[in-house]
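Keep the sequence and the 3D view open as you read.

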Amino acid sequence: MAAIDAQTMPATLPCLICESRNPSEAVVCSECCAPMALIHDALSQDRDPCIVTVIGESNVGKTVYLGMLLDMLSKRADDFEAIPKGAYSVNLQHTVVSYLSARQFPPKTAMEADLWQWAYYQVSRRNENSMIYDLVMPDMAGEAIAAEVSSPQTFKVIRSLLEKSRGAVLLVDAAMAGVGSPQPDFFALKLMSYIDGVVATSPNQRISSPVAIVLSKSDYTPESFDNPRAFAKTNLNRLWNICESRFEHFEFFATSVVGSLGFGSDEYENVIPYPLHVAPRGIIEPLDWVLSKL
Ligand SMILES: Nc1nc2c(ncn2[C@@H]2O[C@H](COP(=O)(O)OP(=O)(O)OP(=O)(O)O)[C@@H](O)[C@H]2O)c(=O)[nH]1
Ligand SMILES: [Mg+2]
Ligand SMILES: [Zn+2]
């Protein structure tokens, strides 16, 4: 086994995300709250981990999307193979699949970074000579992302993650955009300009890391499946324009996790959707595209 034993373990280790040094027995990084298990698992590997960050505002569907994506990968969808590193990596998909199979959506992600679930998977295609990627993907809270974007340094982990990321998946609420709300477009514009600020090396050079823009909840907007680019140009025009001006590799994907919804109400008379039938569409394509651009 390649894992390091207690005798050869250095007293402190640099965090995989923010690089601050932590005692090797620490559970989470004292600076950014990333799990130290990521480092221990990365140390036993001779490849660099490939961080792909999933971002988007609160309630856009990040947890559901990421949980479903990891579950499909580990079920060998589209000829992919994914092996979780450490049992902690399975928690997110376990939570999401358990809720969906009970015909409920999972609860919103806690704002505190030490409560986020991280997934570390070895992903490859099941053919010979396929590249192997050690994917690190945390499930962040949309409210934390919004706080960091409006006042940088509130959540250092988000900036460090984006600096280290090889690619990003940006979720945008197609259901809201499709009924004419400007909110998804503005939030996505802010996020893209934040990424531009973090990653850009020069104002004249476009950003080379791939960004897949996932139009989530596309079951509400079936037309987005026919032509995601046209949907974005029409309904997310500000986002489309910043992508074209500042990003070398960007692509739009329509996705949905549910096939049909039921509606009920909670004790405050709020309407609550229930996933009656899980029918994932367009879940793997964004990741497949990001990996093809690395
Ligand atoms: N119709 C439809 N609704 C969805 C889909 N995915 C998510 N939703 C709805 O979006 C809500 C939010 O999904 P989450 O995955 O929890 O959102 P999130 O981005 O993780 O939100 P935060 O944890 O607050 O950042 C769910 O409770 C569902 O109501 C989908 O594929 N189709
Ligand atoms: Mg969430
Ligand atoms: Zn850290």
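Asp79 sits in the loop between helix 2 and strand 4; helices (H or I, at least four residues) and strands (E, at least two) are DSSP runs, numbered from the N terminus. Its phi is near 70°, a positive value in a residue other than glycine. Is Asp79 buried or exposed? With 12 C-beta neighbours inside 10 Å, Asp79 counts as exposed. The cut-offs go like this: a residue is buried if 20 or more other C-beta atoms lie within 10 Å of its own, exposed if 12 or fewer, and partly exposed in between, with C-beta atoms placed from the backbone.

Before we go on, know that this is a predicted model: local features need pLDDT of at least 70, side-chain atom pairs count only at pLDDT 80 or more, and totals for chains, interfaces and linings use all residues. Residues are numbered from 1 along each chain as its sequence is written, while chains are lettered from A and ligands numbered from 1 in the order in which they are written.

Cys33 also has a positive phi, about 70°, although it is not a glycine. You'll find Cys33 in the loop between strand 2 (21-23) and helix 1 (37-43). Cys33 is buried, with 21 other C-beta atoms within 10 Å.

**The whole protein**

Step back and count: there are eleven helices and eleven strands. The C-alpha trace spans about 60 × 50 × 45 Å along its principal axes. For 294 residues, a compact globule would have a radius of gyration near 19 Å, and the protein has 19 Å, which agrees. That radius is taken over C-alpha atoms, and the globule rule is 2.2 Å times the number of residues to the power 0.38. Buried residues make up 44% of the 294. Now look at contacts, meaning pairs whose C-beta atoms, placed from the backbone, lie within 7 Å. Among those between residues at least 6 apart in sequence, 68% join residues at least 24 apart.

(The expected span is 1.5 Å times one less than the number of residues.) Eleven of the 13 residues are buried, so helix 2 is largely enclosed by the rest of the structure. Among the buried ones are Lys62, Thr63, Tyr65 and Asp71. Just after helix 2, Arg76 takes a positive phi of about 65°.

Which residues come nearest to ligand 1? Of the 23 around it, they are Lys62, Thr63, Phe105, Thr109 and Gly142; a residue is near a molecule if its C-beta atom, placed from the backbone, lies within 6 Å of it. The elements giving two or more residues to this shell are helix 2 (62-74) and strand 10 (256-265). Strand 10 supplies the largest share, four residues. By type, the shell divides into ten nonpolar, nine polar and four charged residues. Here Ala, Val, Leu, Ile, Met, Phe, Trp, Tyr, Cys and Pro count as nonpolar, Asp, Glu, Lys and Arg as charged, and the others, Gly among them, as polar.

**Strands side by side**

Two strands pair if DSSP finds at least two bridges between them. Here are some pairs:

| Strands | Sense | Bridges |
|---|---|---|
| Strand 4 (80-84) and strand 5 (117-125) | antiparallel | five bridges |
| Strand 5 and strand 6 (132-139) | antiparallel | eight bridges |
| Strand 7 (167-173) and strand 8 | parallel | six bridges |
| Strand 8 and strand 9 (250-254) | parallel | five bridges |

Ile83 has Gln122 in strand 5 as its bridge partner, and Ala119 has Met137 in strand 6. Strand 5 and strand 6 form a hairpin with six residues between them, and Asn129 in the turn has a positive phi of about 65°.

Now for strand 8. In a regular strand the side chains alternate between the two faces of the sheet. Both faces of strand 8 are covered: Val211, Ile213 and Leu215 on one side and Ala212, Val214 and Ser216 on the other are all buried.

Let's zoom in on Leu215, which belongs to strand 8 (residues 211-216). Leu215 counts as buried, with 28 C-beta neighbours inside 10 Å. Its bridge partner in strand 9 is Ala254. Leaving aside neighbours within four places in sequence, its contacts include Val172, Pro228 and Phe252. Leu215 and Leu170 are 45 residues apart in sequence and 8.6 Å apart in space, C-alpha to C-alpha. As for Leu170, its bridge partner in strand 8 is Ile213.

Conventions
Two residues are in contact if their C-beta atoms, placed from the backbone, lie within 7 Å.
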